Amino acid sequence: MTTSPELRRAEAMILKTEPRRGLLANAAKEAKARGLYDIPIVDVDCHIIETMNMAELIPFIKNPAIKHLYSKVPSMANMDLAGSYGDRDAGGRIFRDTPIPGTRGAPSVEGLLDDMRVIGIDYASIFPTPMLALGEHPDIEVEVAVAQAYNRWLVENYLGHDPRVKALLYLPFNDPEASYQEVVELGDKPGVVGFMVTSVRKTPIYHNSYMKTYAALQERGLPIGFHSGPNWHAASASAQLNRFMSVHALDFPLYNILHLFNVVVNGLPERFPRLKWVFFEAGIFWLAFAIQRLDHEFLMRPSEAPLLKRRPSEYIKEMFFATQPLEYPEKMEYLEMVFDMVDGESQLLYASDYPHWDFDLPSRIYDLPFLSDQGRKQVLGENAMRLFDLPQPAMLDVAEVES
């Protein structure tokens with residue numbers, strides 16, 4: 001298996017796969033042909049590699065012992081995070097470019113925004129990459145310290161400097177009080193459009209200790225998002241799987257389903273009717289399963305969900321879901337059915353997951369044959385602008401993009 005950028009480049013040339021520059025050139029052609037530079041597009045899920053900037057991030061760590069540890073060995077940040085097994089790059093065959101090691105995130109937000117401009121993105125909501133596994137860390141003090149540092153580093157260095165850059169900040173959810181304090185201290189900072197929970201974790205999100213965090217988010221009009229991920233460790237059910245593609249196909253929907261069920265069955269939409277719930281990076285077909293299973297169980301056992309005044313599906317239709325990686329079934333009417341089940345034209349949010357290996361360009365949404373013209377605009381940008389209260393962006397200049 002090849003690992004170095006040089007070997008991956010050589011292998012890509014042999015296999016005639018296009019590097020990142022070629023992909024972006026094609027993305028620009030797609031955007032121009034479809035008039036995407038004239039449509040507000042909001043990418044609600046793209047990624048930076050925050051751990052490449054650990055030297056900048058370490059000064060924001062409050063815990064002196066943890067700060068001392070990472071100051072001595074900054075690479076500990078990567079080693080301490082619960083890693084994900086599996087080769088996302090398929091041995092280098094999924095190849096982007098040397099500035100993006102492993103193709104798993106952009107090393108700088110400036111580089112990411114340059115790419116977004118070419119693709120036609122007007123707003124980009126950024127997420128971390130390695131730290132999406134931080135919620136699995138066995139030492140809660142480490143999760144809190146690193147999450148607090150990441151949030152403050154992001155606010156000071158990236159948010160507020162460019163209106164195109166937005167973020168849902170990291171909630172260190174294994175510590176309910178620390179999560180609440182993050183909302184109180186950072187909820188009104190420029191560029192902050194909400195808070196997110198890394199979905200793979202052990203703590204149940206319905207516990208009473210989280211209620212004041214949900215209340216604080218609702219008071220500020222800030223959504224809460226759940227960003228899913230894989231869990232291929234020995235203690236997980238997925239340990240029975242022997243291929244990364246199996247884990248990737250199962251775990252991303254699984255952890256979104258887990259949290260969605262807990263939100264709905266425990267009546268959180270009734271307790272916090274103005275709080276917006278968002279679920280990221282699981283495609284959308286899992287929603288058909290979740291809706292049908294939950295409605296079916298609720299009709300037989302409503303006493304176990306006493307706070308619900310309606311069927312679970314009715315609450316789910318009021319939530320928001322990021323589209324990436326959008327499935328493309330053999331029969332497009334299957335996808336149209338799922339869009340209809342979740343009122344997709346008003347509740348789905350375009351997400352690229354750029355520059356990860358399975359990212360989706362805006363054309364993935366624009367080319368759907370069953371969407372109305374207005375529906376395309378809503379999914380690509382207007383729904384996210386409504387959710388995050390974003391102003392109308394200045395449209396990109398095609399000539400400037402081409403230069």
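Visitor: Which backbone oxygen lies 3.1 Å from a polar atom of the Gln324 side chain?

Guide: A polar contact is a pair of N or O atoms within 3.5 Å; within protein, one must be able to donate a hydrogen and the other to accept it, and residues adjacent in sequence count only if both atoms are side-chain atoms. Here the oxygen belongs to the backbone of Asp358. This is a predicted model, in which local features need pLDDT of at least 70 and side-chain atom pairs count only at pLDDT 80 or more, while totals for chains, interfaces and linings use all residues. Residues are numbered from 1 along each chain as its sequence is written, and side-chain values use heavy atoms, with hydrogens and water left out.

Visitor: Is Gln324 buried or exposed, and what does Gln324 touch?

Guide: Buried means under 20% relative accessible area, exposed over 50%, and partly exposed in between (1.4 Å probe, protein chains only). Gln324 has a relative accessible area of 0%, so Gln324 is buried. Contact means heavy atoms within 4.5 Å. Leaving aside residues up to four places away in sequence, Gln324 touches several residues, including Glu281, Gly283, Ser352 and Phe359. Gln324 sits in the loop between S7 and H14; such labels come from DSSP runs, numbered from the N terminus, with helices (H or I) of at least four residues and strands (E) of at least two.

Visitor: How many salt bridges does a search of the whole structure find?

Guide: Side chains of opposite charge can pair when their charged atoms come close. A salt bridge is a side-chain nitrogen of Lys or Arg within 4 Å of a carboxyl oxygen of Asp or Glu. The search finds 11. One of them joins Glu182 and Arg152, with the closest N and O atoms 2.9 Å apart. That pair links distant parts of the chain, 30 residues apart: Glu182 is in helix H8 (residues 176-186) and Arg152 in helix H7 (residues 140-157). Both Glu182 and Arg152 are buried.

Visitor: Which side chain meets Arg152 in a salt bridge of 2.7 Å, N to O?

Guide: That side chain is Glu185. Glu185 lies in helix H8 and Arg152 in helix H7, so this pair ties together parts that are 33 residues apart in sequence. Glu185 counts as partly exposed because its relative accessibility is 36%. A network of salt bridges links Lys62, Arg152, Glu182 and Glu185.

Visitor: At what angle do helix H2 and helix H6 pack?

Guide: Two packed helices are described by the angle between their axes and the distance between the axes. Axes are lines fitted to C-alpha atoms, for helices over the stretch in contact, and angles run from 0 to 180 degrees between N-to-C directions. For H2 (residues 20-34) and H6 (residues 109-119) the angle is about 35 degrees, and the axes are 8 Å apart. H2 contributes Arg20, Leu24, Ala27, Ala28 and Ala31 to the contact, and H6 contributes Asp115, Val118 and Ile119.
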